[in-house]
Each structure stands twice: as structure tokens, then as C-alpha cells.
Amino acid sequence: MDNILNINGLENYFFIITKVFFVSCSLLYLVFALIVVKQVTSMSKSVTDKFNAILILFSFIHLGFSILLILTMFGL
Amino acid sequence: MNRSKDLDTVAPDDEVFVSKSAEETPKKKNINTEKKSEVLLTKEDLTQKIYNILGHTKSPFSSFLVRPKILTFAERDENEEIYLAVRPHWINNLSWIIVSILMLFVPLFFRYFTFLNFFPGQYQFAAVLFWYLITFIYAFEKFLSWYFNLFLVTDERVVDIDFNNLLNKHFAEADLSVIQDVSSSVRGVLGTFFNFGDVLIQTASEVNQINFEKVPNPEKIIKLLKELRDLEEEKDNGGKNNG
């Protein structure tokens, strides 16, 4: 909030717009990461093979990183 | 003049002609019993036959899995046995692997754009993280599309399972008994060099075409399908004869 209140130039406007853009992109990406987890899980149910557990693990790691991305964006 | 043996009287000078049908009757019986025994092929014989046609799978990462033990699919019947599971040849993954590797190096080029230094370090970190996530998901999605793009030959049917862009699932199947024609085409330098191509299966069912795309060893798949179709026909004929 402090950052938003300390607007004293065009530069700040630019950073606010960039931040809003980054945060909305990362939120959309989080939704996408959730869809990936759901899809990989359902694919694995549809076709069971040796490496399905690893693939599910990868999708969860990806979800974790997308959450980290959001946290980074909010920390900007 | 030849005269049949089964005449009431045989003239002593006449050459005796033994009727072919009389000689062949026991042979025909033998053929019938052989056929029956072929129809009733033991499971071991059939397995051996399949291995003779397809060979053994050497790696679990192979795109040509013969009688996979762990692999199964949701629509599989209880006693259905998978003889062959095929994915598109691994060489088809080369393009996205190269693109992914190139994408990994893109952030290094940002150093040369000095105007990007205008952004604070946190922004730059977030942008790089975002870029690597996109790179990862691009490669992951391509891998999943390949990994879950399966063509299966079971003891009952051929199955085509396909996932496109993570969101669309396509499932097609055709019984072995309704397969009419099987054809294959190997195209291009890579196809010829790595021996992969398309196998087109024409059926008499509602799904009138099943296409196995870019699969390795198409000639082996055709041979297996022919063998299974023959077996299916023999089973049907055996059933009709017995009935």
C-alpha cells in the first residue's frame, strides 16, 4: 500500500501498471498450473504406466513454482 | 484305360487306378486336426509367436512396447491382454527438445539489452522465473502429448488413445474381427532412416479408420495384425465347424 501511496512521478505509474500486469499474468498462470495438475492426474488414470507418479510429481512441482511466482509478484 | 478299384469286377489285365479321394480322405482328416490344434494355440505358443514377430522391448522408455506388464488403460476389459503398445517414434520429439533448449538460453540474451536494467532486480527475477516456467510447461506439455499418445493392439481390438494440448482426449477402437485393410506408409528421410511411418487401419465399424501416426516398425505392426486377424478368422471358422 505504501508503494501505491508514494506515487510521485510517471515512473511510479509505469511500475504500478507493470506490477498489475505481472500479478494478473501470474494469477492466470496459477489457474493454468492447477489445470495441468488436474489433467495429468486424469491422464494417469486413463493410461497407467511406470512413470505416471513422476509426471504427477512434476506437475505438482510446477504448481509450487507458480505459487512462488505469485508470491514474488506480490513482493514486488 | 484306368478303372476304379471299387468296381464290382476288375479285369485282370486292366491297370488298377486307385481313386485319389480314397487316398486323400485320411490326409484331410489330419489337416482338420492340425487346424483345430492351431486354433487352440496355447498361450505360450501365441506369446512366442508375438515375440518372434515383434522382438523384445529393450527399454521401458521405448516407443515400441511388446506385451507391457505395467501399462494399462481405463477402457480395458478384465481379461484383455495388451500385445503391443506404440507411441510415435522418439525422433519426432527432437524439434520441441531443441526449441526448449534454446528457450533456456533466452534470458542470457537479456543481458545485452541494457534498457532492461531500468527494472529493479525483483522484477527481473520474476520475469526470468516466469520465462523458465513457460519453458518448462512447453516442454512438459509436448512430452505429455507424446507419452499419452498411445496405439494399442490387444487380443480383442486395436485402440487409439490421444491427448491433444492437455485438454482434449480422443479414444477410438476397433475389434480385430472388423479390420478390413491395413496399409502403411514410410515417408521422408527421417522416416526411412529411423524406420517409422503411419499405419492406416480400415475397419467395417463405425470408426472406419484408425491411423497409427509416426509409429516405429510399421511392417511389424502389419504382420502382427495379419497374424491376429488370421487367428480370429480361424477361431470363427472353428466355431462354425464345431457348431
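**Close-up views of a predicted two-chain model**

**View 1. The β9-β10 pairing of chain B.** β9(B) and β10(B) pair in the antiparallel sense over six bridges. Helices (H or I, at least four residues) and strands (E, at least two) are DSSP runs, numbered from the N terminus. Two strands count as paired if DSSP finds at least two bridges between them. Residues are numbered from 1 along each chain as its sequence is written, while chains are lettered from A and ligands numbered from 1 in the order in which they are written.

**View 2. The open sheet β9-β10-β11 of chain B.** Three strands make up this open sheet, with antiparallel pairing. Its edge strands are β9 (179-185) and β11 (209-216) of chain B, each pairing on one side only. Neighbouring strands are turned by 15° against each other on average, direction ignored. The axes behind that angle are lines fitted to C-alpha atoms, for helices over the stretch in contact, and angles run from 0 to 180 degrees between N-to-C directions. Strands of a sheet pair through backbone hydrogen bonds, either parallel or antiparallel.

**View 3. The β10-β11 hairpin of chain B.** Strand β10 (residues 196-203) of chain B pairs with β11(B) over six bridges, in the antiparallel sense. A hairpin of five residues joins β10(B) to β11(B). Q202(B) has Q209(B) as its bridge partner in β11(B). G197(B) is bridged to V215(B) of β11(B).

View 4. N217(B) sits in the loop between β11 and α6 (218-242) of chain B. Its phi is near 50°, a positive value in a residue other than glycine. N217(B) is buried, with 22 other C-beta atoms within 10 Å. A residue is buried if 20 or more other C-beta atoms lie within 10 Å of its own, exposed if 12 or fewer, and partly exposed in between; C-beta atoms are placed from the backbone.

**View 5. R67(B), another residue with positive phi.** R67(B) lies in the loop between β3 (64-66) and β4 of chain B. Phi of R67(B) is near 45°, and the residue is not glycine. R67(B) is partly exposed, with 16 other C-beta atoms within 10 Å.

**View 6. A strand pairing across the chains.** β1(A) and strand β4 (residues 72-73) of chain B run antiparallel, joined by two bridges. V47(A) has F73(B) as its bridge partner in β4(B).

**View 7. The side of chain A that touches chain B.** The contact takes 22 residues from chain A and 24 residues from chain B. Two residues are in contact if their C-beta atoms, placed from the backbone, lie within 7 Å. On chain A, α2 (10-46), β1 (47-48) and α3 (52-74) each supply at least two residues. α2(A) gives the most, with nine residues. The side of chain A that touches chain B divides into 11 nonpolar, eight polar and three charged residues. Here Ala, Val, Leu, Ile, Met, Phe, Trp, Tyr, Cys and Pro count as nonpolar, Asp, Glu, Lys and Arg as charged, and the others, Gly among them, as polar.

**View 8. Chain A by itself.** Chain A has three helices and one strand. From the N terminus on, its elements run α-α-β-α. Of the 76 residues of chain A, 17% count as buried. Among contacts in chain A with a separation of 6 or more, 62% come from residues 24 or more positions apart.

**View 9. The largest nonpolar core.** A nonpolar core is a set of buried Ala, Val, Leu, Ile, Met, Phe, Trp, Tyr and Cys residues joined through C-beta atoms within 7 Å. Of the 45 residues in the largest one, L84(B), V86(B), L152(B) and L224(B) touch the most other members. α2(A) gives the largest share of this core, six residues. Not counting residues up to four places away in sequence, L152(B) touches F73(B), I82(B), L84(B), A85(B), V158(B) and V159(B).

View 10. Helix α3 (residues 94-109) of chain B has 16 residues and reaches 23 Å from its first C-alpha to its last. That is close to the 22 Å expected at 1.5 Å a residue, taken as 1.5 Å times one less than the number of residues. The number of buried residues in α3(B) is zero, so the helix lies largely in the open. F118(B) lies in the loop between α3 and α4 (121-147) of chain B. F118(B) is exposed, with 10 other C-beta atoms within 10 Å. F118(B) and D45(B) are 73 residues apart in sequence and 73 Å apart in space, C-alpha to C-alpha.

Conventions. This is a predicted model: local features need pLDDT of at least 70, side-chain atom pairs count only at pLDDT 80 or more; totals for chains, interfaces and linings use all residues.
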